[in-house]
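Colleague: I am new to this one. Could you walk me through it?

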Amino acid sequence: MMPARPLLELNGITKRFGGLTAVRDISLAVPPGEIVGLIGPNGAGKTTLFNVITGVHRPDMGEVRIGGQRVDRLARYLIARRGVRRTYQIVRPFADMSVLENVMVGALFGRSEPQEKAEAQARAVTAFMGLQGREDEPAATLNLGEKKRLEIARALAADPDLLLLDEALSGLTPREIDTACETIGRIQTELGKTIIIVEHVMRAIMAISDRIVVLHHGEKIADGTPQAVRRDPRVIEAYLGESA
Amino acid sequence: MSGVARLLRLWDRPTPLVVLAVCAVLVLVPLSGNAEWITFCITMMNLIVLTYSLNMVVGLTGYLSFGHVVFWGLGAYTAGAVVMASGGPIAYNPYWVVPLGGVVSMLFAVAVGYPTMRLRGAYFAIATVSINIAVQTLFFNLEGLGGAEGLPLNRALLRLTDRVTSAYYVLLALLLAAFWTHYGILRGKTGYGLRAILNDEDVAETMGVNATGYKVAIFAVAAFYAGVAGAAWGIFQNFVDPDNFRLGISVDLFVIMMLGGVGTALGPLVGGVIYYVIRDLLILRFPYLHLVIFGAVIVIIVLAFPGGLIGTIRQSRRTLRAVLE
């Protein structure tokens with residue numbers, strides 16, 4: 001059997017900011033339906049990679065392909081329309097809008113039109129993310145965990161193929177983390193989404209990822225199953241420092 | 001839907017009713033034959049349409065269009081030039097030229113919007129003021145269009161018996177149209193896109209909103225309304241001059257908008273009526289001090305109702321509902 005064509009391909013991505021190389025020669029192929037955990041110490045280039053995929057930054061070298069088509073020269077909104085949505089490390093809900101209105105933006109600018117269908121979609125996704133009953137509250141009044149769920153709901157409402165979660169778990173209580181992990185698993189199994197998740201909460205990311213990619217100083221140093229990556233000496237060195 | 005449920009919905013969304021009620025009153029004013037009232041309402045409706053135009057840009061995208069009067073002036077000059085060019089007796093109702101004023105302003109908005117709408121914050125505001133002043137200076141020096149002395153349009157216009165009533169109903173129709181446009185935008189997909197941009201433009205883009213396209217489009221629609229209002233005003237006055245680009249008019253517009261409620265569909269109408277009534281009463285009672293008192297009143301109102309009158313009413317309705325539940 002032929003392996004499934006990757007949904008997302010990064011080929012030799014390099015991104016520099018002035019003299020600093022944030023990511024260097026990163027290649028990665030993500031098949032549909034997989035959860036990829038992207039980990040690495042602070043400043044490893046994880047968020048930069050998300051910014052390159054979503055078109056916030058243009059790579060200096062290399063190419064980004066979605067469904068086989070090159071997207072790295074496209075405007076951000078056009079990349080989004082290829083079925084990519086993301087959440088933010090520091091949450092950025094539309095603060096002046098209600099919970100439902102936030103999710104409505106996702107639905108209307110995703111694959112749900114007309115408006116009645118979008119509203120039904122938005123309500124369903126809001127409930128899926130455990131925010132039912134909160135629809136009419138201003139987004140600004142939610143707590144951090146709820147805001148993170150709102151961002152995921154807003155992204156999911158667009159029915160994307162690829163979902164990029166930037167530290168969706170950090171800052172949550174242990175109980176909230178368990179619930180969130182379960183929800184992310186359901187996004188994969190029930191909704192069939194492909195997910196890349198950046199995370200520092202190791203316990204969680206090792207449990208939910210099919211595969212782990214490790215970045216260090218902007219380079220990819222490991223790529224494999226959670227078990228294999230956990231034993232990789234280069235990964236241990238990156239996290240614990242060089243042994244004496 | 002049952003009758004009761006329908007009534008409840010109107011209580012929830014009374015905006016169209018309020019507008020229809022105000023317009024019903026406005027429709028009747030010309031029948032009184034009171035020339036003073038008619039002129040008062042024409043001036044008021046002209047500024048309300050112009051405030052709707054400003055509110056579409058400032059209220060829906062957050063971009064401060066301080067030089068917004070430029071679109072009004074261009075509409076006035078467009079209508080003026082066409083009516084003047086037709087020379088002697090006029091074989092058509094001159095108000096048919098009004099849409100042309102809107103189109104010219106709209107094209108100008110697209111031309112200046114593409115480069116300037118990429119600027120953010122104060123830079124956009126400065127750019128619009130500069131454009132306003134540049135265009136005004138241009139018209140000061142365009143001798144073909146009367147230069148600094150201005151352009152009397154056409155003596156034949158003065159003999160038109162329904163010149164004033166036409167201006168009245170044209171502006172009333174524009175007011176309704178501007179309201180419906182704003183109201184429709186707010187409730188539709190475009191409104192969600194624009195509010196997303198207003199909240200966080202970068203996030204809106206990664207959600208699939210074509211931010212530049214939306215901003216330029218709303219700028220163009222807004223400019224259209226400013227242009228048609230200007231054209232109607234120019235024909236009504238039978239005269240246009242570079243004063244049609246006066247920056248000071250923008251101050252009136254911003255006050256009316258903030259008085260009513262920035263971004264709301266009802267704000268310009270409510271704000272405009274209150275602004276005009278207060279100002280007129282003050283001029284009558286305190287002919288020498290009216291501007292001083294007016295300034296103080298504006299400051300007090302803005303301090304007391306930071307969200308504008310509409311924002312305050314909404315807030316109190318929400319509180320009332322919370323108490324009732």
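Predicted model: local features only at pLDDT ≥ 70, side-chain atom pairs only at ≥ 80, totals over all residues.

Modeller: Start with a helix pair: α4(B) and α6(B) cross in a left-handed way.

Colleague: Are α4(B) and α6(B) roughly parallel or roughly antiparallel?

Modeller: The axes of α4 (residues 69-85) and α6 (residues 122-141) of chain B come within 9 Å. They cross at roughly 25°. Angles under 35 degrees count as roughly parallel. Therefore α4(B) and α6(B) are roughly parallel.

Colleague: How many nonpolar residues are in the contact of α4(B) with α6(B)?

Modeller: From α4(B) come B:Val69, B:Val70 and B:Tyr77. From α6(B) come B:Ile131, B:Asn132, B:Val135 and B:Phe139. The contact holds no charged residues and 1 polar, and the nonpolar ones number 6.

Colleague: Which element gives the most to the side of chain A that touches chain B?

Modeller: The contact takes 20 residues from chain A and 15 from chain B. On the chain A side, α2 (76-81) and α3 (99-108) are the elements that give two or more residues. The most, 5 residues, comes from α3(A).

Colleague: How many charged residues are on that side of chain A?

Modeller: The side of chain A that touches chain B has 10 nonpolar and 4 polar residues. The charged ones number 6.

Methods
Residues numbered from 1 in each chain as written. Chains lettered and ligands numbered in written order. Contact = placed C-beta atoms within 7 Å. Helix = DSSP H or I, 4+ residues; strand = E, 2+ residues; numbered from the N terminus. Nonpolar A, V, L, I, M, F, W, Y, C, P; charged D, E, K, R; others polar. Axes fitted to C-alpha atoms, helices over the stretch in contact; angles between N-to-C directions. Parallel < 35°, antiparallel > 145°, perpendicular 65-115°, else oblique. Left-handed = near helix turned anticlockwise from the far one by under 90°.
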